[in-house]
Amino acid sequence: MNEASSLPIVILSTADFDASVWTNKQHIASRLAAEIDVHYIESLGLRAPRLRWQDMRRILRRVFKLNANGRPRSGKSRWQMKMDRLKIHAPNVLPWHGVPLARMVNRHLVHTKLIEALPPRYILWTFSPITYGLEERAEKLVYHSVDLLHTIPGVPSSTLLAEERQLVAKSDEVIASSKGVADHLVQQGAQPLLWENVADISLFQRSRSDQRERRAIFIGNLTHTKVDFAVLEQIASRGIKLAVAGPTNIDGSQTDEALSRLLRIPTVEFLGNLSQEEMAAELGRSWVGIIPYHVNDYTAGVFPMKAYEYLGAGLHVVSSPLPSLGASPVAGVEI
């Protein structure tokens with residue numbers, strides 16, 4: 001084993017570890033922590049907050065160290081208990097990354113508060129193009145881009161793109177989760193590896209049930225910027241049983257009227273936020289998995305991890321015509 005491979009890994013994420021819906025960041029962190037010390041830095045909050053309850057709750061959670069359910073974080077989460085080599089850090093920074101003064105303050109906070117809790121030498125694996133110099137102490141730098149972040153409403157796009165170009169130039173490896181993301185990174189000066197999203201396939205395979213219910217199901221972040229609720233409403237309006245699960249307002253937007261209208265349809269069952277095990281059980285007893293995403297600038301870079309989760313659970317899968325699935329078709333997914 002060479003020296004670099006024995007160094008701890010610092011993951012700079014764009015999601016909190018205990019988020020209701022796990023993405024590639026948490027999955028990669030948990031797998032690495034089975035072999036090596038991992039420091040997981042939660043989201044820096046790239047999207048600027050607005051004066052609304054959803055954003056204020058997000059800020060209060062970070063300041064007062066509350067979990068996703070609004071309760072104080074006491075000790076280790078159930079996932080950390082399984083992974084002794086995983087440490088989670090919740091940084092406090094000003095979420096206005098496009099403002100020069102805020103960036104100066106944030107760099108000071110990162111280098112006087114956060115960095116004290118990190119090992120003196122490490123490999124930095126960042127999902128965020130905005131790092132505030134965390135790579136300066138890194139022996140190796142990996143930039144793993146899983147979204148076209150600059151297309152999300154509310155993020156400082158010009159700052160983000162400028163930081164990304166600089167990060168690409170410094171990186172030892174650049175990874176893209178979809179062809180759309182890879183094409184963007186090439187424009188930023190990278191020659192990225194293409195790694196499509198991961199999933200805990202064994203969990204979903206173990207949860208398959210012989211007693212399946214004739215219903216369609218969608219599990220994911222219930223946000224109108226990503227999910228086409230009109231498609232789900234059309235499915236339900238034809239008398240097809242539909243189960244829906246996941247957090248709302250994840251992007252700080254107000255609850256969409258289309259989502260409210262969907263959940264009022266008698267054949268629609270809202271399952272709420274589910275753990276990974278609960279999600280696998282619900283998929284395992286369903287019939288068809290739906291990926292009803294809008295096709296827009298943001299989803300041009302999305303490779304839905306749920307495609308693998310649905311297939312692992314033994315579901316038929318029907319998806320919107322996402323570029324990532326068309327460019328790299330997954331067997332069993334109809335688009």
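Q: Hi! What kinds of residues line the second largest pocket?
A: The lining divides into 10 nonpolar, 3 polar and 3 charged residues. Keep in mind that this is a predicted model.

Q: OK, and what volume does that second largest pocket have?
A: About 230 Å³.

Q: Which lining residues are closest to its centre?
A: Those are Ala216, Ile235, Val288, Ile290 and Val318, out of 16 residues that line the second largest pocket.

Q: And which elements give two or more residues to that lining?
A: Helix H8 (229-237) does, along with strands E11 (288-291) and E12 (316-319).

Q: Switching to the outside now. Which residues form the nonpolar patch on the surface?
A: Leu94, Trp96, Val99, Leu101, Met104 and Val105 form that patch. Together they have about 560 Å² of accessible area.

Q: Where does Val99 lie?
A: Val99 is in the loop between strand E3 (86-89) and helix H4 (100-114).

Q: Is Pro100 buried or exposed?
A: Pro100 counts as exposed, because its relative accessibility is 58% and exposed means over 50%.

Q: One last thing: what separation do the C-alpha atoms of Pro100 and Thr159 have?
A: They are separated by 9.9 Å, while the two residues are 59 residues apart along the chain.

How values were computed. Residues are numbered from 1 along each chain as its sequence is written. This is a predicted model: local features need pLDDT of at least 70, side-chain atom pairs count only at pLDDT 80 or more; totals for chains, interfaces and linings use all residues. Side-chain values use heavy atoms; hydrogens and water are left out. Patches are made of residues with over 30% relative accessible area and no salt bridge: like charges are joined within 9 Å, nonpolar side chains (Val, Leu, Ile, Met, Phe, Trp, Tyr) within 5 Å. Accessible areas come from the Shrake-Rupley method with a 1.4 Å probe; for residues, only the protein chains shown count as cover. A salt bridge is a side-chain nitrogen of Lys or Arg within 4 Å of a carboxyl oxygen of Asp or Glu. Helices (H or I, at least four residues) and strands (E, at least two) are DSSP runs, numbered from the N terminus. On a 1 Å grid over the protein atoms alone, a cavity is a set of points where a 1.4 Å probe fits but cannot get out, and a pocket is an open set with protein on both sides within 12 Å along at least five of seven lines; lining residues have an atom within 4 Å of a point. Grid points are joined across faces, edges and corners, and a volume is the space filled by probe spheres set on the points. Ala, Val, Leu, Ile, Met, Phe, Trp, Tyr, Cys and Pro count as nonpolar, Asp, Glu, Lys and Arg as charged, and the others, Gly among them, as polar. Buried means under 20% relative accessible area, exposed over 50%, partly exposed in between (1.4 Å probe, protein chains only).
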